[in-house]
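Let's take a walk through this model together, moving from whole chains to single residues. Keep the viewer open as you read.

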Amino acid sequence: MTIPNSIAITPELVASHGLKPDEYQRILDLIGREPTFTELGIFSAMWNEHCSYKSSKKWLRTLPTKGRRVIQGPGENAGVVDIDDGDCVVFKMESHNHPSYIEPYQGAATGVGGILRDVFTMGARPVAAMNALRFGAPDHPKTKHLVSGVVAGVGGYGNSFGVPTVGGEVEFDPRYNGNILVNAFAAGLARTDAIFYSKAEGLGLPVVYLGAKTGRDGVGGATMASAEFDESIEEKRPTVQVGDPFTEKCLLEACLELMGTGAVIAIQDMGAAGLTCSAVEMGAKGDLGIELDLDKVPVREDRMSAYEMMLSESQERMLMVLKPEKEEEAKAIFVKWGLDFAIVGKTTDDLRFRILHHGEEVANLPIKELGDEAPEYDRPWVQSNGRAPLPASQVAAPADYNEALLKLVGSPNQSSRRWVWEQYDTLIQGNSLQRPGGDAGVVRVETHPTKALAFSSDVTPRYVEADPFEGGKQAVAECWRNICATGAEPLAATDNLNFGNPEKPEIMGQLVGAIKGIGEACKALDFPIVSGNVSLYNETNGIAILPTPTIAGVGLLPDWQKMAKIGSAKEGDRLIMIGTDGSHLGSSIYLRDILDTIEGPPPEVDLAAERRNGEFVRSMIRNGQVTACHDISSGGLALALAEMAMASGKGMKVSLKEQRGPAHALFFGEDQARYVITVSSDLANFVQASAESAGVPFRLLGTVTGENLIVDDLLDVAIVDLVNANESWFPQFMA
Amino acid sequence: MKSAVVQLPGLNRDRDMIAALTKISGRAPITVWQTETEIPDVDLIVIPGGFSYGDYLRCGAIAARMPVMQAIKEKADQGVKVLGVCNGFQILVEAGMLPGALMRNSSLKFVCKEVKLEVVNAETDFTRAYEKGQVIRCPVAHHDGNYFVDSELLSSLEDNGQIVFRYAEGTNPNGSLSDIAGVMNRSGNVLGMMPHPENLIEAAHGGSDGRGIFASALDVVAATA
């Protein structure tokens, strides 16, 4: 069955392509005639929200994207950051939310595949992956099925491809009942003098198609991902792609081998909107036209139409511009790896995007305008109403601190994620120095004797909902803090902005507020955004997700032997809190999970304090004075201590005497810019004196000792009981 | 001692294995591509882990039929040591070079974690660096490591000392019969094991318990890193 190119373009057809009447008028003005069916598909693919960033572009431009170490910021397949010695780290995070809800295994798998491809397209070998996953309420009928499918899909692809998954997040909230989030991060290593870009150069050069064959899967995927969901969602299943990690692994090896020969002029992976997006990108960036002959494209199915071939999102495919004299050498490499290699077109000087099929010209469009002239909106937005302040004195203290802490460590959102990450290969490549479960994943740089990279992914959606600006700041600050907690210097970040329908002013207000907050924090912490992705329309039947701007950051450890971990405290070590006493309970998990209410503003992030305290902790770690370190975030000091105790298997005796506020705020307050460190007893005075002279607030908490976590006469829980509560929720839930 | 690492499309722990052999023996192994029909003179051939051909058929089934496997068989018949780890173990079983079968994990899920291994037979070319009954740490990372043989074969494996490693202290991660983690052939020169000793050989790995296997097979002292 072939869809003819000559079908009439009706208003209904235009609408079903996700194009608004004024957008269609823009197309008519641009090309001066009615588009062909294939051309309509191409416009729909290029101008949807997912590919064009039409609602967010105006605000994304305000983010800081430059820095001393930034080699490539947003606009390429991934960001590139210098890590000295001629090495660089290439990384990005991208969402695969809509497809993962429709078909969790393949949706998640191809999300991982897509982000890995973005990284190796630039010439980098992937060395680490993370996944930030958000699901609906545990008792929602679809949640278990989605968790099971997404986790298996993430593992199924990453494990087979051969990249260690070293971190991530898994959270539950009823607001994700109809729209889960799958945000996949990947990082790779390259040499700074061997980075590959998508800009085509040179006239009349062969455009080469590489990798897997083109099928009908994923046709219209990017357009689907730019719309809200309703009851008809099951009908969208055919728009989800199917992943093949084996082919991707072969494609990685073949691409890196080919790049080594000097044959590659430009390279672009086929991701969203496949052949269309990759070809337009290469041509438009290089100020060249592209002509494609679809009869040369390797296909998996018979009688595919031009429309289907141009919109297919079949995975594991690449487009390249190669040096003609290297063609045979290139072909031999791809044949060796069992992959398709076909010359499907050439670069031209007419700045047109021309598609030939069965000898007929089925599309002829201006290539620059396809990308550059995409609509851009300054959508109306309203600032979210701030919540009334909530002093800790107005929040009830727990009847029983032991019970409250056990409940928190065993709750759906704070319990151990072991069930999840034991399904991921966290060790492959032999360089994983810190695996999931700590503050950040750490991977050593194989080619260097001492260097390592730290990775963390963070956001606290309930904060962003309560106050998008502070929540945006906090997401950046927590990511930065987690990286500092290993002793690494945070270098740069990637953002994955997940929101509802931007056509609603209140949702647009969340997006604008969060971006402003992210920008402010990134500037204050010298933590530029070098790549990212926006996922909007995460709504079902008009109910939007919690605003979730995920921030994933990368840090550099010059010497991994001087690195801190969450669980490496020794018996007799002194516990010191860095930062102020806990006082803020608004929007805390103590309120949500113990008192069953959501109120109050999120904690404010004092970015100067964040920076000062983080730099202090990092310097102590690098001087070798810290035995263990953990940041204080959701759940406050109490949860931080419990997590350190569980990770080390050692008890703690803590005193909070001379308290400067209510005990439950000291325990569970989520004030920012704070850490718990342990130091050997003979260094405790020195470290406190150093903090004092650096102007860093601190408090001596107590000693690592025994088998219980004891705080004055308020709390006394056996570590083994904490561990049991912490480890049992997830397996029991999934059983 | 010279070694070779076999490379097949979809294997992905080849780089880990090459790094381990290089660090322990002081010389890089030769790499052998799937289509090669002759293997140079080496003392140890290693088939590393991964997902050869995506494991889209039974794990290791396609790899077992590639030309290079015939060459490996010939070398094994001549007494050259062959080690298959994870997918390499599955390939050796599918090639008929080791007894038994590796089924899907009893959990039906991929599992990556550290387990304990008991060295059941320390008088082999691969385990001389250990003592009989010694319990070592070792990571696993697989989806299909559930070892099975019929009862008759099981007793003959036991009688002939062919069971080299067992999961110890209740750490069997996959439901393997009799906690079997590694078996060798009757002549003792072909060993297959699901765990990954190559990922526990140096301080950066948090220990070096896996070193002894390579040190034994390569006849170098099992120095702790």
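## Ground rules

Two strands pair if DSSP finds at least two bridges between them. Helices (H or I, at least four residues) and strands (E, at least two) are DSSP runs, numbered from the N terminus.

This is a predicted model, where local features need pLDDT of at least 70, side-chain atom pairs count only at pLDDT 80 or more, and totals for chains, interfaces and linings use all residues. Residues are numbered from 1 along each chain as its sequence is written, while chains are lettered from A and ligands numbered from 1 in the order in which they are written.

## The strands around β11 of chain B

β11(B) pairs with strand β4 (residues 81-85) of chain B in the parallel sense, over four bridges. Within that pairing, Leu83(B) has Leu191(B) as its bridge partner. β11(B) also pairs with strand β10 (residues 180-184) of chain B, here in the antiparallel sense and over three bridges. In this pairing Gly182(B) stands opposite Met193(B). The hairpin of β10(B) and β11(B) has five residues between the strands, and Gly188(B) takes a positive phi near 85° there.

In a regular strand the side chains alternate between the two faces of the sheet. A residue is buried if 20 or more other C-beta atoms lie within 10 Å of its own, exposed if 12 or fewer, and partly exposed in between, with C-beta atoms placed from the backbone.

## Chain B as a whole

Chain B has five helices and eleven strands. Its radius of gyration (taken over C-alpha atoms) is 16 Å, close to the 17 Å that the globule rule (2.2 Å times the number of residues to the power 0.38) gives for 225 residues, so chain B is as compact as a globular protein of that length. The C-alpha trace spans about 40 × 40 × 30 Å along its principal axes, and 57% of the 225 residues are buried.

Two residues are in contact if their C-beta atoms, placed from the backbone, lie within 7 Å. Of the contacts in chain B between residues at least 6 apart in sequence, 74% join residues at least 24 apart. Have a look, too, at Trp33(B) in strand β2 (residues 30-33) of chain B. Trp33(B) counts as partly exposed because it has 13 C-beta neighbours inside 10 Å.

## Chain A as a whole

Chain A holds 25 helices and 28 strands. With a radius of gyration of 26 Å, close to the 27 Å from the globule rule for 735 residues, chain A is as compact as a globular protein of that length. Its C-alpha atoms fill a box of roughly 85 × 50 × 45 Å along the principal axes. Buried residues make up 63% of the 735 in chain A, and 85% of the contacts with a separation of 6 or more are between residues 24 or more positions apart.

## Inside chain A

Which side of helix α13 (residues 327-336) of chain A faces inward? Ala330(A), Ile333(A) and Phe334(A) are buried. They lie on the same side of α13(A), because they cover an arc of only 95° around the axis (from the directions from the helix axis to the C-beta atoms). Glu328(A) and Val335(A), on the other side, are exposed. The cover over the buried residues includes β7 (206-211), α10 (245-260), β10 (317-322) and β11 (340-348) of chain A. Arg481(A) counts as buried because it has 30 C-beta neighbours inside 10 Å. Leaving out residues up to four places away in sequence, Arg481(A) touches Glu610(A), Gly614(A) and Asp631(A).

## Where the chains meet

The contact takes 22 residues from chain A and 23 residues from chain B. On the side of chain A that touches chain B, the elements giving two or more residues are α8 (143-161) and α10 of chain A. α10(A) gives the most, with four residues. By class, this side of chain A has eight nonpolar, nine polar and five charged residues. Here Ala, Val, Leu, Ile, Met, Phe, Trp, Tyr, Cys and Pro count as nonpolar, Asp, Glu, Lys and Arg as charged, and the others, Gly among them, as polar.
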